[in-house]
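Hi everyone, thanks for making time. Let me put the model up and then we can walk through it together.

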Amino acid sequence: MFERFTTSARQVVRGAVRHAEDTGADTVGEAELLLALLDRTDGDRTGGSGTEDGGSHTEASGGRKDRARTRGDRKGSPAAEVLAALGAHGRRASIERALAEVRRRGGITGADAEALAGLGIDVDEIVARVEEAHGVGALATAGPTPGATSESAPGSASARAPRRGRRPLRRPFSREAKSVLERSLRIALARGDKYIGDEHLLLALTARPGVAAHVLADHDVTYIQVERALTARAAKG
């Protein structure tokens, strides 16, 4: 599936890995994919020529998939333009705070916290008590992240140090993040696109309930709005 990704989409995936490494997350999740998409709005909107993953190789291969991906690359970064048009770029700081708060709560979104509050459960109070006993960010780092293997769990031998003679393993993608990548393929096929661009990743993030979708919705970015913005962008040529 990865060979279908445009340069922009590949850069989003790589950027998500870097965000996970920077925050110390055990896996690459939806939050990291969203942050990497927002990075695209900061001016890094590389097109299809002279790209880091080999525009010249794309032309030399002559394969149908490569040519389709190149055409997608020439469109630049649709996700960046859409996020900027919907105001997400200007609200990046707020989005980052919201994502950090979700991580601090151990994955509980604001919507989840409100639902639990209706049942008489004060999530913030619980988090405060845990942090008072175990330190700030205890829930964010406690235990293995869902989808991670026991070998990658914090405190395990493989997590503490790489085996001799082997390069350190990159963080794996969480179950939710893998689902987003798979969903992006289905969305691309449904739209008649023969490549997977960063716009398909953005649509996939907002198509189903999840951390990224909830945070974006709180900032007035929904699947319907993204789809409409992409349609308007395509109409402009």
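Some housekeeping before that. What you see is a predicted model, where local features need pLDDT of at least 70 and side-chain atom pairs count only at pLDDT 80 or more, while totals for chains, interfaces and linings use all residues. Numbering runs from 1 along each chain as its sequence is written, and side-chain values use heavy atoms, with hydrogens and water left out.

So, the overall picture. We have 14 helices and zero strands; those are DSSP runs, H or I of at least four residues for helices and E of at least two for strands, numbered from the N terminus. There are 237 residues, and 41% of them count as buried. By buried I mean under 20% relative accessible area, with exposed being over 50% and partly exposed in between, using a 1.4 Å probe and protein chains only. The accessible surface is about 12,900 Å², and carbon and sulfur atoms own 51% of that; the areas are Shrake-Rupley with a 1.4 Å probe, and for residues only the protein chains shown count as cover. Now contacts, meaning heavy atoms within 4.5 Å. Of those with a separation of 6 or more, 69% are between residues 24 or more positions apart.

On to the core. Nonpolar side chains tend to be buried together in soluble globular proteins. Here the largest nonpolar core has 42 residues, and Leu33, Leu34, Ile95, Phe173 and Leu202 have the most contacts inside it. For the record, such a core is a set of buried Ala, Val, Leu, Ile, Met, Phe, Trp, Tyr and Cys residues joined through side-chain atoms within 4.5 Å. Which elements give two or more residues to this core? That would be helix 1 (7-23), helix 2, helix 5, helix 6, helix 11 (175-190), helix 12, helix 13 and helix 14. Helix 2 makes the largest contribution, with seven residues. If you zoom in on Leu202, you'll find it touching Leu37, Ala79, Val82, Leu83, Leu216 and Val226, leaving aside residues up to four places away in sequence.

Next, helix 11. Its 16 residues should span 22 Å at 1.5 Å a residue, and the end C-alpha atoms are 23 Å apart, which agrees; the expected span is 1.5 Å times one less than the number of residues. Buried in this helix are Ala177, Val180, Leu181, Arg183, Ser184, Ile187 and Ala188. Looking down the axis of helix 11, these buried residues fall within an arc of 165°, so they line one face; the arc is taken from the directions from the helix axis to the C-beta atoms. On the other side, Arg175, Leu189 and Ala190 are exposed. Helix 1, helix 2 and helix 12 are among what covers the buried residues of helix 11. Just past the end of helix 11, Gly192 has a positive phi of about 80°.

Helix 13 buries Ala212, Ala213, Val215 and Leu216, and its buried residues pack against helix 2, helix 6 and helix 12. Most residues other than glycine have a negative phi.

Asp220 pairs with Arg91 at 3.4 Å, N to O, and the two are 129 residues apart. At 46% relative accessibility, Asp220 is partly exposed, and so is Arg91 at 32%.

Then there's Asp39 with Arg92, where the closest N and O atoms are 2.8 Å apart. That one ties helix 2 (residues 30-39) to helix 6 (residues 92-104) across 53 residues. Asp39 is partly exposed at 24%, whereas Arg92 is buried at 13%. Salt bridges with shared partners join Asp39, Arg92 and Glu96 into one network.

Last pair: Arg40 and Asp198, at 3.9 Å, N to O. They are 158 residues apart, Arg40 in the loop between helix 2 and helix 3 and Asp198 in helix 12. Both Arg40 and Asp198 are buried.

That's my tour, thanks.

Conventions:
Salt bridge = Lys/Arg side-chain N within 4 Å of Asp/Glu carboxyl O.
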